[in-house]
Each structure stands twice: as structure tokens, then as C-alpha cells.
Amino acid sequence: MALGNFSRVTEFILLGLSDTRELQVLLFIFFFLAYAMVLLGNLLIIVTVRCDPKLSSPMYFLLCNLSFIDICCISVTSPRMLVDLLSQRKTIAFKDCIVQLFFLHFVGASEMFLLTVMAYDRYAAICKPLHYTAIMSRQTCWLLVSACWAGGFLHSIVQTLLTIQLPFCGPNKIDNYFCDVPPVIRLACTDIYVTEWLMASNSGLISLVCFLVLVTSYTFILVRVRIRLTEGHWKALSTCASHVMVVTLFFVPCIFIYLRPFSAFPSDKHICVIYTVFSPVMNPLIYTLRNHEVKASMWRLWKHSRIF
């Protein structure tokens, strides 16, 4: 059955972040630079990790996958947002809206699972160093990353199916700059009480459970570091501190948006900017500027490329 059979609405109007022309131009410049930074920064990380044999540990394998997910995540929302900021009429077709919603939750949930796996990797490296190579073998890393993508797909398909079964007959204005579950289902022409709680228990609980697992992992790491304050442990702790920054920037807004009934707050669309734009921007900065091995590898690659 075609998606259009579920609804008399053929398109949605995205209200965006602002209706002031001057502010829209400033926002376009800011988000264009942010998008370019995410693309270039994460592509540089991927190339560096792939080209340098010294960065073959599980941590850098997972970091490479995180960079790829960040590129996918910001590419789901930013290109259309940039076009809309320079357009008079900001519309999106119903089918395109559903596709954007699907991929947003697909890559978003996959990133949540991957960040949890990265915390487990740091826990194994610090708390079980003698068994680390056995625990985080190459095969295990591939299985964990595949599980992250599979979990993200299952989560997203549930959210999408719950959305397209709703009838939409107007209004069609979405108070956001992209299609997401909370603002879209609020436009349904039916009682959504059960649906919104099903969706909140899906997205919200995934965010909360992953966040609690991360906090637990870091708690064990902090306890271990307090017992043995060696140089290697301080280095690992510095890596974890960077990870905590990414986790906080990503999970806290998601928990606020999804772990509650989908009632509208004026600040919701501004909070969405944190995990759709700011978090992907921060990842390459944190993992390169605070990681000496990655910076050294980038410098070696740069000198090698200049030779040729």
C-alpha cells in the first residue's frame, strides 16, 4: 500500500528556526560552516585511521565508525535545512518526510549503540587490560558494530511504521527544521495517546538505558583509576573524559526530547540542534585535538603527501 493512502496531506511546511530573513542568512552561514567542518573533519579521521597501521586498535576502529555515522547523521538534516534557509516556502513532501524520519532514527540509534560499545571498549582496556585483546578482538569489533547498525534499523523501522499508520488530514505545519517523530505525530487527526507512549518507550528508553550503561562504565573506570594512578591509566582517563563530553552533548537532549509525552515546548527545535549539529561538530574536534596519536598520524600523513 502506498504511503499516500494513509493521509490526505501530501506535504508538510517546515517552520524552521526563524522567520526573520537576516537571521536566516546568518544561520545559513553558521550551519554551512558546521556541515563542512563535520564532513572534512570526520573524513580526515577516517582516512587517517585507515591509512596508518599504528591506529589499528579497537578504539580507533570504533572511532572510524563513529566518524562515518556522524557524517550520515548530519547529512540527514543539514542539506535540506540549508536549502530551506534560503527559500521562501519551506515544504517537504509527505514521503520525503517519512524517509528523513526513518534515516534520522536509523543513524541516531546506531550512534547511541556505538557510543555504548566505545564505553565498553574503554572499560575493558582499563579494568581488564590483560584480557583486552581477547575481549575486543577484530571479529568481536565487527560483530558489535554490525549489532549497532542492526539495532538502529530495528528501532527506526518501529518508529516509522507507527508514524505512517496514523491519518494526517491537516494542519500540516511542523514547528521544526526537519521531520522527527514528536512534531509529526502531533499533526495526526486521531488520538495519539497510545502511539506517543509506545514511541516514547522506544526512543526514550533506548536513550536512557544506553546513557545509564555509559555512566556505569565510567563509574567502574573512575574507581579503577583511583586505585592505580599510572601514566597509562591517566592517558585512558583523558580519552574517557573526551568520550563523556560527546555522550553528554548527545544523550541528554535526546532523553529530554523523547522520554516524555510529545507535548510541544518552544525550545524543542533549538534543543534538537545540539544532537543533530553540535554533537557531530564536536566529535572530530575532541577526538583529534585531545588525542596525540591521531594528531601525530595526521602530521605523518601530511608530510608523506608533501613528499609526493
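This is a predicted model: local features need pLDDT of at least 70, side-chain atom pairs count only at pLDDT 80 or more; totals for chains, interfaces and linings use all residues.
Trainee: At what angle do helix α3 and helix α5 pack?

Mentor: Helix α3 covers residues 94–127, and helix α5 covers residues 138–164. Their axes lie 7 Å apart. The two helices pack at an angle of about 145°.

Trainee: Is the crossing of α3 and α5 left-handed or right-handed, and how do the residues of their contact divide?

Mentor: The crossing of α3 and α5 is right-handed. The residues of the contact of these helices divide into 17 nonpolar, nine polar and no charged.

Trainee: Why is α2 described as roughly parallel to α5?

Mentor: The axes of helix α2 (residues 58–85) and α5 come within 10 Å and cross at roughly 25°. Angles under 35 degrees count as roughly parallel, so the term applies to this pair. The crossing angle therefore makes α2, relative to α5, roughly parallel.

Trainee: Which helix gives the most to the lining of the second largest pocket?

Mentor: The second largest pocket holds about 230 Å³ of space. Its lining includes Y60, F61, C64, N65 and F68, as well as R138 and W142. At least two lining residues come from each of α1 (21–51), α2 and α5. With five residues, the helix that gives the most is α2.

Notes:
Residues are numbered from 1 along each chain as its sequence is written. Side-chain values use heavy atoms; hydrogens and water are left out. Axes are lines fitted to C-alpha atoms, for helices over the stretch in contact, and angles run from 0 to 180 degrees between N-to-C directions. Helices (H or I, at least four residues) and strands (E, at least two) are DSSP runs, numbered from the N terminus. A crossing is left-handed if the near helix is turned anticlockwise from the far one by less than a right angle, and right-handed if clockwise. Ala, Val, Leu, Ile, Met, Phe, Trp, Tyr, Cys and Pro count as nonpolar, Asp, Glu, Lys and Arg as charged, and the others, Gly among them, as polar. Angles under 35 degrees count as roughly parallel, over 145 as roughly antiparallel, 65 to 115 as roughly perpendicular and the rest as oblique. On a 1 Å grid over the protein atoms alone, a cavity is a set of points where a 1.4 Å probe fits but cannot get out, and a pocket is an open set with protein on both sides within 12 Å along at least five of seven lines; lining residues have an atom within 4 Å of a point. Grid points are joined across faces, edges and corners, and a volume is the space filled by probe spheres set on the points.
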